[in-house]
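Subject: A structure to look at

Hello,

Here is the structure I promised to hand over. Please have a look through it first, and then read on for my notes.

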Amino acid sequence: RVLSNADRVVCGARAMASEEAGATFTAEEVAEHNKEGDLWVVIDRHVYDLSKFLVLHPGGIPPLVDPAVAGKDATDLFYGLHRASTLDEKKYAKLRIGKLASTSHSEAKASRAVAPRRADELPYAEALGSWRKHSPYYKETHHKFRSALREFMDREIKPFCRGWDDRGDLPTKEIDKLLGEAGVFACLVAGEEGAAELFREHGVVLPGGVKAEEFDYFHGLILSEEIRRGIDGCYGVGDGLIGGMSIGLPPLLKFGTPEMIRRCVLPCIRGERRICLAISEPYAGSDVAQIRCMATPTPEGGWIVSGVKKWITGGMMAEYFTTLARTEKHGPVMLLLERDEGGALTTSPIKTSYSPAAGTSFVSIHNAKVPPENLIGKAGMGFHQTMANFNFERWAMICSGNRHSRMVLEECMKWALQRKVFGKSLIQQPVIRYKLAEMAAAVETLHSMLEDLTFQMCNMTPAEINKHLAGPIALLKYKQTRVATVVSDNACQIFGGRAITSSGMGYVIEKFQRSFKFQAILGGSEEIMADFAIRQAMRSAKDMPARL
């Protein structure tokens, strides 16, 4: 029967009272509420009153009045269609009115076992804690750093990422301030020379109370991993939050003057200003030497810059642009350009296959006046400064990229355990176990080489890293994007139609298969990386008397 308004009020009051009292209901009592307008269901032994929710259900009324659902335990059917996190959302949690009464010892035991397992208990969901129970690389400061970062991301960023990603929202000043106050932006340059003194002088604090003197490349690896995990699979949001900052800011610490650092770096790490890296052009991607953006010296010692830059991550919201330009006589120069009201530097959005939230832009520069103090490093050294920055950029991309692949592997593990087809769960199908094994083996072996490479970096100077590790970093970047290709292919087959649906159970997979190729192009394409790695290796081997 359809309830009257008065009946609805009574039912609503009864439900609220039951929830507050922690009420329990027998299966027989739940079964009585099996009609449109008076409908209860059981999920994980929790009783939900869906009487008023029927007309609001995104999937329509029929699935809820199905005889297998209305007044019944719909746990298996629910998890075949919805993510577990759905029940944690306030608008759905308030529908919960009590629990199903246990009628036997086995049912009571089952009711205590429905709590979701932690991610580190799921095989291969975490690099440290799944099977790596011990590690020579991580100290207490690393664990505190990870915990603080994860808590911040889970509280302030992760709950909103899907909305930002779907709408293409750029980071707001409020979000920038939060990232600044949490020390996230400061982490992007914490390992640079002079950072510790700068942070002490200006009261900059890093997550987990880590001191800049302690900050090493394993902290950087953790930073990349936790940012990628904390954006909930929304790659575009991550690039919008820190992508441009992470590659545009370090050159100022590496090569900038103390005045430039005080004037530009401090506002950026506080979240008051934004910076990006402007290298790529329509004429030059991986072949950086072919850039056409021109800088002409002025009698006053400054520069006049004209040209265009393309695919500039974070350019839409940046005030500063770390820009590479060529000159007629001085060689390549790296300059700090500033957005002004005169219109000499303008940006327009570029639509790409991931979210506009990344702020990807086309930058037009026409007769922009750059003062002498905005020269970064030395004239003629712009190309070498760019290459020095590339190695660390590529390493960070490996860290975040493989963490994203691991997140997809985790989603596939959960889905294979949860999804039932042909009368049994997916995980019972040998072909699915093979695909999971292929993904896990690829992700884990890549992570092991990444940790080894990171350890080498911790024991080398920047100059030694650029000399000895440029090739291995390029090789690992190539391998990371090849691994991501396998992970994407297998995940799509495991999730089926949900992998190409932008909402619901497979949204992480859909976003991944639409964006993982970015890392195969940005920072140096796969083919360029592979070729560069072998050419670097052969430099030291060319004089070796190697014969079969």
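Which residue in β12 stands opposite I304? It is K369 that stands opposite I304 in β12. Before more on that, a word on the source: this is a predicted model, in which local features need pLDDT of at least 70 and side-chain atom pairs count only at pLDDT 80 or more, while totals for chains, interfaces and linings use all residues. Residues are numbered from 1 along each chain as its sequence is written, and side-chain values use heavy atoms, with hydrogens and water left out.

Back to the strands. Helices (H or I, at least four residues) and strands (E, at least two) are DSSP runs, numbered from the N terminus. Two strands pair if DSSP finds at least two bridges between them. Strand β8 (residues 303-312) is joined to β12 (residues 361-370) by 7 bridges, and the two run antiparallel. Strand β7 (residues 294-297) also runs antiparallel to β8, with 4 bridges between them. On that side, I304 in β8 has T296 opposite it. The hairpin of β7 and β8 has 5 residues between its strands, and G301 there takes a positive phi near 100°.

Next, the interior. A nonpolar core here is a set of buried Ala, Val, Leu, Ile, Met, Phe, Trp, Tyr and Cys residues joined through side-chain atoms within 4.5 Å. Buried means under 20% relative accessible area, exposed over 50%, and partly exposed in between (1.4 Å probe, protein chains only). In soluble globular proteins, nonpolar side chains tend to be buried together. The largest nonpolar core in this model has 95 residues, and F199, I269, V408 and I494 have the most contacts inside it. Helix α16 (residues 382-418) gives the largest share of this core, 11 residues. Another core, of 20 residues, lies apart from it and includes V305, V333, V363 and V370.

Contact means heavy atoms within 4.5 Å. By that rule, and leaving aside neighbours within four places in sequence, F199 touches A186, V189, A190, V204, L206, A212 and I269.

Helix α9 (residues 173-181) is worth a look too. Its buried residues include I175, D176, L179 and G180. Seen down the axis of α9, the buried residues fall within an arc of 140° (taken from the directions from the helix axis to the C-beta atoms), so they line one face of the helix. These buried residues pack against α7, α8 (161-167), α10 (184-187), α13 (235-248) and α15 (258-269). The face turned away from the buried side carries E174 and E181, which are exposed. Just after α9, G183 has a positive phi of about 85°.

Finally, a few single residues. T24 lies in strand β1 (residues 24-25) and counts as exposed, at 52% relative accessibility. Not counting residues up to four places away in sequence, T24 touches E29, K99 and A101. A101 turns up again with R45: the side chain of R45 reaches the backbone oxygen of A101 at 3.3 Å. R45 lies in the loop between β3 (38-43) and β4 (46-49) and counts as buried, at 14% relative accessibility. G129, in the loop between α6 (105-112) and α7 (140-157), is partly exposed, with a relative accessible area of 24%.

Methods
A polar contact is a pair of N or O atoms within 3.5 Å; within protein, one must be able to donate a hydrogen and the other to accept it, and residues adjacent in sequence count only if both atoms are side-chain atoms.
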